[in-house]
Amino acid sequence: MSQNTAPQRTPKPSSAGAWAAGGTLFAGVLMLVTGFMDIFQGIAGIAEDDVYTRVGDYVFKFNLTTWGWIHLILGVIVAIAGYGILKGAEWGRVAGIALASLNVLFQFLFLPYQPWWALFSMAISVFVIWALATDEAYGRHEKF
């Protein structure tokens, strides 16, 4: 009558899982930073209509004050979603993917005013979408 008293091993997380979990944490931080940068872009657009210059003709023409309000509202919502991601909330993950997708669209439309920043912000949003969509253990790991 011998009992098996060997300690049970817990499986190590895979390398891809570790990358995704680290990517999720980084995505939450990036969402916060992107949200605050969008807030500042919005304030600048609302405060002065001549802060941004337009680069050539573009099909999508909006008043810069309108762009300011769009960026301000989107920035607040993106920052809240980033906070939700950092807290490990499932709604933060879903909202993060949706808002990062929306941010790609809005930054594309903002290309004539700030081309380099818009491209950089789109790249960050694509990374955020990837990180949040590939983290299979999102609901199972400890909250950050």
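In the predicted model, the axes of α2 (residues 64-87) and α3 (residues 90-109) come within 9 Å and cross at roughly 155 degrees; axes are lines fitted to C-alpha atoms, for helices over the stretch in contact, and angles run from 0 to 180 degrees between N-to-C directions. Helix α2 is therefore roughly antiparallel to α3 (an angle over 145 degrees). The contact, defined by heavy atoms within 4.5 Å, involves residues including Trp-67, Leu-74 and Ile-85 of α2 and Trp-91, Leu-99 and Phe-106 of α3. Its residues comprise 14 nonpolar, six polar and one charged, where Ala, Val, Leu, Ile, Met, Phe, Trp, Tyr, Cys and Pro count as nonpolar, Asp, Glu, Lys and Arg as charged, and the others, Gly among them, as polar.

Helices α3 and α4 (residues 115-134) pack at about 155 degrees, with axes 9 Å apart, and are therefore roughly antiparallel to each other. Among the contacting residues are Ile-97 and Val-104 of α3 and Met-122 and Ile-129 of α4.

The largest nonpolar core has 19 residues; such a core is a set of buried (under 20% relative accessible area, 1.4 Å probe, protein chains only) Ala, Val, Leu, Ile, Met, Phe, Trp, Tyr and Cys residues joined through side-chain atoms within 4.5 Å. Met-31, Trp-67, Leu-99 and Val-128 have the most contacts inside this core, and α2 gives the largest share, six residues. Beyond its neighbours within four places in sequence, Met-31 is in contact with residues including Val-78, Leu-99 and Val-128.

Residues are numbered from 1 along each chain as its sequence is written. Local features need pLDDT of at least 70, side-chain atom pairs count only at pLDDT 80 or more, and totals for chains, interfaces and linings use all residues, while side-chain values use heavy atoms, with hydrogens and water left out.

Conventions: Helix = DSSP H or I, 4+ residues; strand = E, 2+ residues; numbered from the N terminus. Parallel < 35°, antiparallel > 145°, perpendicular 65-115°, else oblique. Buried < 20%, exposed > 50% of the residue type's maximum accessible area, 1.4 Å probe, protein only.
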